[in-house]
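Let's take a friendly walk through a protein model. Have a look at the picture first, and then read on.

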Amino acid sequence: IRRNTVPQIAKRKGGEPIVSLTSYHAHTAGIVDRYADFILVGDSLGMVMHGMDSTVGVPLDLMIMHGKAVVRGTKKALIVVDMPFGTYEESPQIAFRNAAKIMKETGCGAVKLEGGARMAETIHFLVERGIPVMAHTGLTPQSSHVMGGFKTQGRDEDTWQAHIDDAKAVDEAGAFAVVLEGMVEPLAAKITKLISIPTIGIGASVECDGQILVLEDMLGLNPWTPKFVKVYGDLGPAIEDSVRRYAEDVKSRAFPTEDEVYR
Ligand code: KIV
Ligand code: NA
C-alpha cells in the first residue's frame with residue numbers, strides 16, 4: 001500500500017499533529033492530498049455540495065459517488081468515507097453490509113460513523129471483520145434533531161463523564177481514531193489524555209492529536225462559518241470576480257479571442 005495506512009495514523013497519538021481536511025471532489029482532493037495525512041469524504045457534502053439543511057438526508061449512493069471521485073483524485077492520503085444517517089445504527093450486521101459496500105465500491109481505506117458507547121458493539125464487529133473505523137463523538141450532526149440543533153458540548157461539567165465514557169468506549173471497541181466535534185477545550189484535553197487513540201478536533205481546541213476542517217469553510221466559500229473555523233482562503237470573492245468578468249467578456253464579444261479559436 002502506497003497510501004498512508006490506518007496503523008500509521010493510529011501511531012501518531014501524542015506525536016506530530018495529524019493534518020486533515022474534508023474533500024468531495026477529485027481536483028481539490030488532489031491538492032489537499034499533498035498536505036493531509038487523511039482526507040475525509042464527510043457527509044457534510046449534503047449541505048456543502050447539495051444544499052441540504054442537514055446531513056440527515058444524505059443517501060449512501062451519494063457518499064459512494066463522491067468517495068470514488070476523491071480516491072481517484074488522490075495518491076497519498078488515507079481516504080475515510082462517512083457512513084450516512086440510517087445506514088449503520090440499526091445493527092452491526094447492517095452496518096457491516098453498508099460499510100463493506102462503501103469500501104468495495106470506492107476503494108477507500110476506512111469508514112467513519114457517529115456515536116460513542118452506543119456504537120461500540122458495531123465498531124468492534126466491523127474492525128474484527130476487516131473494516132477500519134474512525135469514530136465521531138461530541139457534537140454529532142446526524143443527531144441534531146434529538147439535540148435540538150448544533151450545540152457545543154461540555155459547557156456543563158456534569159455532562160463530561162458521559163463524553164469521556166463515549167471516547168473510552170470507541171477506543172476499547174477498536175476504533176483507530178476519533179473525531180471530537182464542538183466541545184469545550186478542557187473536556188477535549190481530558191479525553192485526549194485518557195484514551196489511547198488519536199483525537200481529531202473540529203471545534204475542539206488545539207489539545208487534540210490532530211485537526212480537521214471542512215475544506216470549503218476554510219477556503220472562504222461558505223457564506224457563513226462557525227466560530228471554530230479559521231478562514232484561510234478567499235475563494236468566494238475570487239470565484240465571483242472570475243464569473244463577472246467572463247459574463248462581461250461574453251456580452252462584449254471580448255471572449256473568445258484569437259487564442260481560443262480553431263482555425
Ligand atoms: O462530515 C464532515 O465533514 C465531518 C467532519 C466535520 C468531521 O464529519
Ligand atoms: Na460527518
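## Two domains

The chain is divided into domain 1 (6-232) and domain 2 (235-263), with bounds that come from an automatic or database domain assignment. Taken over C-alpha atoms, the centres of domain 1 and domain 2 are 39 Å apart.

Before going further, a word on the model: this is a predicted model, in which local features need pLDDT of at least 70 and side-chain atom pairs count only at pLDDT 80 or more, while totals for chains, interfaces and linings use all residues. Residues are numbered from 1 along each chain as its sequence is written, and chains are lettered from A and ligands numbered from 1 in the order in which they are written.

## The chain as a whole

The chain has 11 helices and 8 strands; helices (H or I, at least four residues) and strands (E, at least two) are DSSP runs, numbered from the N terminus. Its radius of gyration, taken over C-alpha atoms, is 20 Å, close to the 18 Å from the globule rule for 263 residues, so the chain is as compact as a globular protein of that length. That rule is 2.2 Å times the number of residues to the power 0.38.

How many of the residues count as buried? Of the 263 residues, 43% do. Here, buried means that 20 or more other C-beta atoms lie within 10 Å of a residue's own, exposed means 12 or fewer, and partly exposed is in between, with C-beta atoms placed from the backbone.

## Helix H11 and what follows

Helix H11 covers residues 235-252, and its end C-alpha atoms are 26 Å apart, which agrees with the 26 Å that its 18 residues should span at 1.5 Å a residue. The expected span is 1.5 Å times one less than the number of residues. Of these 18 residues, the number buried is 0, so H11 lies largely in the open.

Most residues other than glycine have a negative phi, and most peptide bonds are trans. Just after H11, Arg-253 has a positive phi of about 60°, and this residue is exposed, with 8 other C-beta atoms within 10 Å. In the segment after H11 we also find Pro-256, joined to Phe-255 by a cis peptide bond with omega of about 0°.

## Around ligand 1

Which residues are around ligand 1? Among them are Thr-22, Asp-82, His-136 and Glu-181; a residue is near a molecule if its C-beta atom, placed from the backbone, lies within 6 Å of it.
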